[in-house]
Amino acid sequence: MSENEVRERGQDGSKGSPGAKGRDPQFEAYLEKEAMGRRMSQVKHRILVLSGKGGVGKSTVACYMAVSLARTGKRVGLLDVDIHGPSIPKMLGLEGRSIDAVDNAMLPISFGDNLKVMSMGFLLTHQEDAVIWRGPLKMSAIKQFLKDVEWGPLDYLIIDSPPGTGDEPLSVCQLIPARQEDSVFLDGAVVVTTPQELALLDVKKSITFCRKLQMPVLGVIENMSGFVCPKCGEVTEIFKSGGGERMAAEMGVPFMGRIPIDPRIVEAGDVGESFQQAYGNSPTAAAFNKAVQPILDMEKETPAAEKKA
Ligand SMILES: Nc1ncnc2c1ncn2[C@@H]1O[C@H](COP(=O)(O)OP(=O)(O)OP(=O)(O)O)[C@@H](O)[C@H]1O
Ligand SMILES: [Mg+2]
């Protein structure tokens, strides 16, 4: 739709006489896209965290990558688009917090100085509320999260998605395409896996999903790779590790690092602290800090690591 056409339709979006009723869906879509573009243009880099498999630690990785970035002084937003099982509020001890709205915008919840968080979990009245939504409704909720959350200026927006390549990650990719010729685009995806064969197979599907949508894969993170002894801090390889790195090489995408199994990860959320606040000197905290290095390097050098497939 041309700008002239928009002017012609006037403030209420109606074509022709001022009294014309109803708004043209095409015009509505145009306005929404503009509003989302304006909101997202305040964010320098937009990154989607995904995995073909459930329970591999996407939310943990998204959450603590966001914390690691924020601890370097970057302004970070963490958006949880897992509509059915939002877990970010619990991980950061923010359960039960509710969202304020100002001028038709939702205000995210702050965690420390540099991290802002938005999740469906903040909008559910009871933690155990079940959300039964089909694709189009999920799409419109995600659209609202991208359009109506007042993040303010951010260096990074990290988007945590539910398992698989279903409605939620697809909605994000449709709403913010990965085409770098657009003014607002998704910089790329971080794909999370565990060292096991089955997870690796599912994760290959996520990489194929990214390629179909022409979204760069920033890298693969192998989570639950080795075990950190909570007593002495030593890392033991209890399952085989290294599968994520091999798979990344096989698929021709960068490898961002390994995060060990650390029982203290589960504890940190229970006391409302980030893992890095509680165990800043641990090998696990160091692993998160190392994993975000390629993301910090994006500041120096855009476009992203993998060019469009
Ligand atoms: N490196 C780790 N060490 C110990 N526990 C971990 C680690 N990574 C994740 N966990 C734990 O494993 C469980 C699943 O993690 P998480 O919720 O991050 O997975 P997910 O992939 O986001 O799951 P879903 O597919 O349901 O969204 C959580 O209880 C989390 O605390
Ligand atoms: Mg999750």
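This is a predicted model: local features need pLDDT of at least 70, side-chain atom pairs count only at pLDDT 80 or more; totals for chains, interfaces and linings use all residues.
## H3 in the core

Let's start with the largest nonpolar core, which has 76 residues; Val49, Met65, Ala66, Leu78 and Ile158 are the ones that touch the most other members. The biggest contributor here is helix H3 (residues 58-71), which puts in nine residues.

Setting aside neighbours within four places in sequence, methionine 65 is in contact with Ile158, Phe288, Ala291 and Val292.

## H3 at the ligand

H3 also turns up around ligand 1. There are 20 residues around that ligand, and those that come nearest are Gly54, Gly57, Lys58, Ser59 and Thr60. H3 provides three residues, the largest share of the shell. At least two residues each come from H3, strand S9 (217-228), strand S11 (255-261) and helix H9 (264-270).

## H3 against H11

Now for the helix pair. H3 and helix H11 (residues 283-291) have axes that come within 9 Å and cross at roughly 80 degrees. Angles of 65 to 115 degrees count as roughly perpendicular, so that is how H3 sits relative to H11.

On the H3 side, the contact involves Tyr64, Met65 and Ser68, which meet Phe288, Asn289 and Ala291 in H11. By type, the residues of this contact split into four nonpolar and two polar, with no charged ones.

Notes. Residues are numbered from 1 along each chain as its sequence is written. Chains are lettered from A and ligands numbered from 1 in the order in which they are written. A nonpolar core is a set of buried Ala, Val, Leu, Ile, Met, Phe, Trp, Tyr and Cys residues joined through C-beta atoms within 7 Å. A residue is buried if 20 or more other C-beta atoms lie within 10 Å of its own, exposed if 12 or fewer, and partly exposed in between; C-beta atoms are placed from the backbone. Helices (H or I, at least four residues) and strands (E, at least two) are DSSP runs, numbered from the N terminus. Two residues are in contact if their C-beta atoms, placed from the backbone, lie within 7 Å. A residue is near a molecule or strand if its C-beta atom, placed from the backbone, lies within 6 Å of it. Axes are lines fitted to C-alpha atoms, for helices over the stretch in contact, and angles run from 0 to 180 degrees between N-to-C directions. Angles under 35 degrees count as roughly parallel, over 145 as roughly antiparallel, 65 to 115 as roughly perpendicular and the rest as oblique. Ala, Val, Leu, Ile, Met, Phe, Trp, Tyr, Cys and Pro count as nonpolar, Asp, Glu, Lys and Arg as charged, and the others, Gly among them, as polar.
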